[in-house]
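Work through the exercises below with the sequence and the 3D view open. Each task is followed by a solution in steps.

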Amino acid sequence: MTLTDEQIARLAEHVENAELNKQPITKITDDHPDMDWEDAYAIQYAIRQRKLDRGTKLAGLKMGLTSFAKMKQMGVETPVFGFLTDYGTYADGAEIDTSAFIHPRIEGEVAVMMKTTLKGPDCDITKALTAIDFVMPAVEIIDSRYENFKFDLKSVVADNTSAAGFVTGSNMKKVEDLDLPTLGVVLEKNGEIVELGAGAAVLGHPAASAAMLANMLAARGEEIPAGTFIMTGGITAAVAVEKGDNINMRCQHLGSVSMRFI
Ligand code: OOG
Ligand code: MG
């Protein structure tokens, strides 16, 4: 840690205010270049606590920057994790108020629901698969609170990995009935295909992302509780959306997820 408790609290308020007021800020590492990983997650956890204190409920956890497409797009190379909120939860077919965001982008992802607790360290694909119950297609809405969506890893971790919302499909399947690496995903914006890919884009196997999350949490003395919903990370690069856009993601074996930005 390089920051004091007081600095962590102040930065958490600063970054969360950018979200609440939809006013982008300069990335916080500009003013705190020596910030380390612990500082970054401490700010994210402080933001999470601010929300919980106001009555927000956690809707799950997310991994980010787990695919080469995403790492390349953002110019970073380490996966990160964040949390999902009740107020960012949308159902299939939702009309989403675009003014709730600064500069939203969407990502096609595979989401999983945990049947049992997954506790690291040393989790791997096999252990994760045993702990996963259902798989469902999901679209994440990300919205960096930093100007021009430009950040480095520590800034984006502090900013809850740009998490802003997610839309889940209405179909789910038992994990044992799917081959996650070959699961195909096609993302359409206003009827045109904009991105496509397969589950293997996510660390070779989306279950590897859940395993990595368990291992990252273990380093903090935490685990993934049974019943946790997890977004495993964008398969494709993120796509910018604006008011009026219709998004549809088709996922092999799992139907589609759609939403309209109004
Ligand atoms: C960070 C969040 C990335 C993913 O699925 O890779 C993410 C960002 O690119 O803003 O959620
Ligand atoms: Mg994502």
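**Exercise 1. The hairpin and its neighbour**

Task: Find how many residues lie between β13 and β14 in their hairpin, and which residue in the turn has a positive phi.

Solution. 
- Step 1. In this predicted model, the hairpin of β13 and β14 has three residues between its strands.
- Step 2. The turn residue with a positive phi is H253, at about 70 degrees.
- Step 3. Check the pairing: β13, residues 246–251, is antiparallel to β14, with six bridges between them.
- Step 4. Now look for another partner of β14 (residues 255–261): strand β4, residues 94–96, runs parallel to β14 and is joined to it by three bridges. Here I96 faces F261 of β14 as its opposite residue.

**Exercise 2. Backbone exceptions**

Task: Locate the cis peptide bond at P121, and state which loop holds F149.

Solution. 
- Step 1. The bond between G120 and P121 is cis, with omega about 0 degrees. P121 belongs to the loop that runs between β5 and α4 (125–131).
- Step 2. F149 is not a glycine, yet its phi is positive, about 60 degrees. The loop between β6 and α5 (153–158) contains F149.

**Exercise 3. The ligand site**

Task: Describe where ligand 1 sits and which elements give two or more residues to its shell.

Solution. 
- Step 1. Assign the shell to elements: β1 (58–64), α3 (68–74), β5 (105–114) and β6 (132–142) each give two or more residues. The largest share, three residues, is that of β1.
- Step 2. Sort the shell by class: seven residues are nonpolar, five are polar and five are charged.
- Step 3. Pick out the nearest of the 17 residues around ligand 1: K62, L65, K70, S162 and G234.

| Residue | Distance to a ligand oxygen |
|---|---|
| S162 | 2.7 Å |
| K62 | 2.8 Å |
| E109 | 3.0 Å |

- Step 4. Finish with the cover: on its own, ligand 1 has 320 Å² of accessible area, and the protein covers 100% of it.

Notes. Residues numbered from 1 in each chain as written. Chains lettered and ligands numbered in written order. Predicted model: local features only at pLDDT ≥ 70, side-chain atom pairs only at ≥ 80, totals over all residues. Heavy atoms only, no water. Near = heavy atom within 4 Å. Polar contact = N/O pair within 3.5 Å; in protein donor to acceptor, adjacent residues only side chain to side chain. Areas by Shrake-Rupley, 256 points an atom, 1.4 Å probe, with all protein chains shown as cover. 1 Å grid on protein atoms, 1.4 Å probe; cavity = no way out; pocket = protein on both sides within 12 Å on 5 of 7 lines; lining within 4 Å. Sits in = over half its atoms within 2 Å of the grid points. Helix = DSSP H or I, 4+ residues; strand = E, 2+ residues; numbered from the N terminus. Nonpolar A, V, L, I, M, F, W, Y, C, P; charged D, E, K, R; others polar. Pairing = 2+ DSSP bridges.
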